[in-house]
Amino acid sequence: MSDIVALAQLLDKCSEAEQSRAQQPQVAPAACTPANLQQQLQPPPQQQQTIEPEAEESDSRETPQYDVVMKQRVGVEDVYLGSTRRSNSLHDCNEVVVRVQLPHCKMSHINVTPTDTNLCLTTPLHKLSIEFSQEVDSKAGSAQWDPRKEVLTLTFPLRAYDYQVVS
């Protein structure tokens, strides 16, 4: 009998909790439209923070002309035999080559800061920030300065990922 009494007490507690929930006023969900969704996503005015303009925005240095090229190592077996199953897609690229034209600059004035996801280049006259589309190995990169053309060429190998096909 003690099991039945314990079960009855448990069910009484559950029914009391349901009754107390039923007595609380029900709030109808608001219709979700783009207008009120924007209002819901904005924090209250006291929580909004004022964002100070960064030094980059007030920087008067110009952005130099540059090219970002994805590069593949292609051999005879790729061109004539097609035995390595390479394609001309970004997936099969091996390197990223960035060519930056820096007129009126000397090599000693160029400061390059590469990371695995972006590249920052500054000179007294120019400033450039590039975000790579794929991760690179920034420590294995190389740079070449051509003083006649005033072009800096940066080459970074892409990180190799092993993709596993799940079937």
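Which residues does leucine 119 touch, not counting residues up to four places away in sequence? Keep that one in mind, and I'll come back to it in a minute.

First, some ground rules. This is a predicted model, where local features need pLDDT of at least 70 and side-chain atom pairs count only at pLDDT 80 or more, while totals for chains, interfaces and linings use all residues. Residues are numbered from 1 along each chain as its sequence is written, and side-chain values use heavy atoms, with hydrogens and water left out.

So how confident is the predictor? pLDDT is its confidence in each residue, on a scale from 0 to 100. The chain averages 76, and 60% of the residues score at least 70. Have a look at residues 47-55, where pLDDT stays under 50 and the model has one contact beyond four places in sequence; by contact I mean heavy atoms within 4.5 Å. Where pLDDT is low, the predicted coordinates should not be read in detail.

Now the layout. There are three helices and seven strands in the chain. Starting at the N terminus, the elements go α-α-β-α-β-β-β-β-β-β. These are DSSP runs, helices being H or I with at least four residues and strands being E with at least two, numbered from the N terminus.

Three of the strands make an open sheet, ordered β3-β4-β5, with antiparallel pairing. Its edge strands are β3 (111-114) and β5, each of which pairs on one side only. Pairing here takes at least two bridges found by DSSP between two strands. Between β3 and β4 there are four bridges. In β4, leucine 121 is the bridge partner of valine 112.

Leucine 121 turns up again in the core. The largest nonpolar core has 18 residues, and those touching the most other members are Val98, Leu102, Leu119, Leu121, Phe132, Leu152 and Leu154. β2 (95-101), β4 (118-122), β5 (127-131) and β7 (151-157) each supply at least two residues of this core. To count as such a core, buried Ala, Val, Leu, Ile, Met, Phe, Trp, Tyr and Cys residues have to be joined through side-chain atoms within 4.5 Å. Buried means under 20% relative accessible area, exposed means over 50%, and partly exposed is in between, using a 1.4 Å probe and protein chains only. In soluble globular proteins, nonpolar side chains tend to be buried together.

Back to the opening question. Leucine 119 touches Val98, Val112, Thr113, Pro114, Leu128, Ser129, Ile130, Phe132, Leu154 and Phe156, leaving out residues up to four places away in sequence.

And for the chain of 167 residues as a whole, buried residues make up 20%. Among contacts between residues at least 6 apart in sequence, 52% join residues at least 24 apart.

Last, a few individual residues in loops. Most residues other than glycine have a negative phi. Histidine 104, in the loop between β2 and β3, has a positive phi near 65°. Is histidine 104 buried or exposed? Histidine 104 is exposed, at 69% relative accessible area.

Glutamate 150 also has a positive phi, near 55°. Glutamate 150 sits in the loop between β6 (142-146) and β7, and counts as partly exposed at 24% relative accessibility.

Finally, aspartate 59 lies in the loop between α2 (34-41) and β1 (66-71), and at 23% relative accessibility it is partly exposed. Aspartate 59 is 68 residues from lysine 127 in sequence, yet their C-alpha atoms are 8.5 Å apart in space.

How values were computed:
pLDDT is the predictor's confidence in each residue, from 0 to 100.
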